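Good morning, everyone, and thank you for making time for this. Please have a look at the model on the screen, and then I will walk you through a few places in it.

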Amino acid sequence: MSDMSPDCLPVRYFCTAGNGMETFVVDEVKRKVEAQDVIKLQGKVIFSSPANIKSIINLKSAERLFLLLNYDTALKLPSTSTKDVSKVLGARLSTLLSWKVDLKNPHIEVNVNLTDDYCLQGIPLTKFPLANRNYIQTTGLRSTIAWAMASVAQIQAGSFVVDPMCGVGTILIEAAKEHSDVYFLGIDIDDEQLIKANRNVAYAHLEDKIQVIKASSLVLPLHSESVDAVVCDLPFGRKFGTKVDAAINLPLILSEMTRVLRVGGILVLLLSPQLSCQIKRLLTQEKSNSVV
Ligand SMILES: C[S@@+](CC[C@H](N)C(=O)[O-])C[C@H]1O[C@@H](n2cnc3c(N)ncnc32)[C@H](O)[C@@H]1O
């Protein structure tokens, strides 16, 4: 629930989002900070919210956050130098906000996003991107993507969630920060990754929620139908731990993941387009084999 006092007037913001993350940002701002008048653009989301700034800067799917000064879809700029563009935009902001613009000795940074369709102007509200997590020591998968993967896993209180190739544990940490009363297990074959994962878990103060163990995802040390959600960023196309491209083992890894999932459990995988095709082929084969 967002932190809101009854008399708070909505403030208009915009944030930037990674490729394909815009829908997650829209969903998160509506769910967590009672966003209204939401506009989804490529790589950006504009919204109004009455929530306390602490809730806004706690958004997990966005990259950078700005106070919106102006969203202009009718701006026609002469083809001219950057300096002249700054002058035109400065003059417009000055008219809009009655601010005195001094391009030589600025007091604040105004960020301008200029495309063929619109011009967005805003003041950055944080020094570092929201995507930089202060609770993660060693970064692995981009935190916004890890958070998005956890958010589609439909994690409920009382769930048992497993990342069978957890690396430094980013997905588990993002999920554990969001959900209480959930038990998370990370599995990895590589000792160095496991050391970093354990350090990350301790740094985030999540030792009571996340456990990390050494095992192979080819033979998961878990009972069949014992897991509510499997969330995994597969290492294919890259070489990890065993120094073997794990794509060769894909059918076995998939069958282990589905074996441990309970009926109705959720499997969330981060895949390249090529790998996605390979998995669809495997699943189709599995279906036709079971029909025969
Ligand atoms: C893409 S990385 C995961 C990154 C992770 N999401 C993070 O944020 O750090 C894939 C991981 O799979 C592990 N791995 C590779 N083969 C494995 C296997 N057979 N069993 C378990 N883990 C394996 C690698 O050691 C590596 O840490």
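**Around the ligand**

A backbone N or O atom of leucine 141 lies 2.8 Å from an oxygen atom of the ligand, which falls within the definition of a polar contact, a pair of N or O atoms within 3.5 Å. Before I go on, please keep in mind that this is a predicted model, in which local features need pLDDT of at least 70 and side-chain atom pairs count only at pLDDT 80 or more, while totals for chains, interfaces and linings use all residues. Residues are numbered from 1 along each chain as its sequence is written, and side-chain values use heavy atoms, with hydrogens and water left out.

Serine 217 also places a backbone N or O atom 2.8 Å from a nitrogen atom of the ligand, and for serine 216 it is a polar side-chain atom that lies 3.5 Å from a ligand nitrogen. The protein covers 96% of the 600 Å² of accessible area that the ligand has on its own, with areas taken from the Shrake-Rupley method and a 1.4 Å probe. In total, 18 residues surround the ligand, where being near means having a heavy atom within 4 Å of it, and the closest are Leu141, Val168, Thr170, Asp188 and Ser217.

Let us turn to helix 5, residues 170-178; helices here are DSSP runs (H or I) of at least four residues, strands are E runs of at least two, and both are numbered from the N terminus. How many of the residues of helix 5 are buried? The helix is mostly covered, with 7 of its 9 residues buried, and among them are Thr170, Ile173 and Glu174. Glutamate 174 counts as buried because its relative accessibility is 0%, the scale being buried under 20%, exposed over 50% and partly exposed in between (1.4 Å probe, protein chains only). Leaving aside neighbours within four places in sequence, glutamate 174 is in contact, meaning heavy atoms within 4.5 Å, with residues including Lys60, Arg133 and Trp147.

My last stop is the aromatic rings, of which there are 4 pairs, a pair having ring centres within 6.5 Å (Phe, Tyr and the six-membered ring of Trp), with planes under 30 degrees apart called stacked, over 60 edge-to-face and the rest tilted. Phenylalanine 160 and tyrosine 183 form a stacked pair, 5.5 Å centre to centre with 20° between the planes. Phenylalanine 160 lies in strand 7 and tyrosine 183 in strand 8, so this pair ties together parts that are 23 residues apart in sequence.

Conventions:
Polar contact = N/O pair within 3.5 Å; in protein donor to acceptor, adjacent residues only side chain to side chain.
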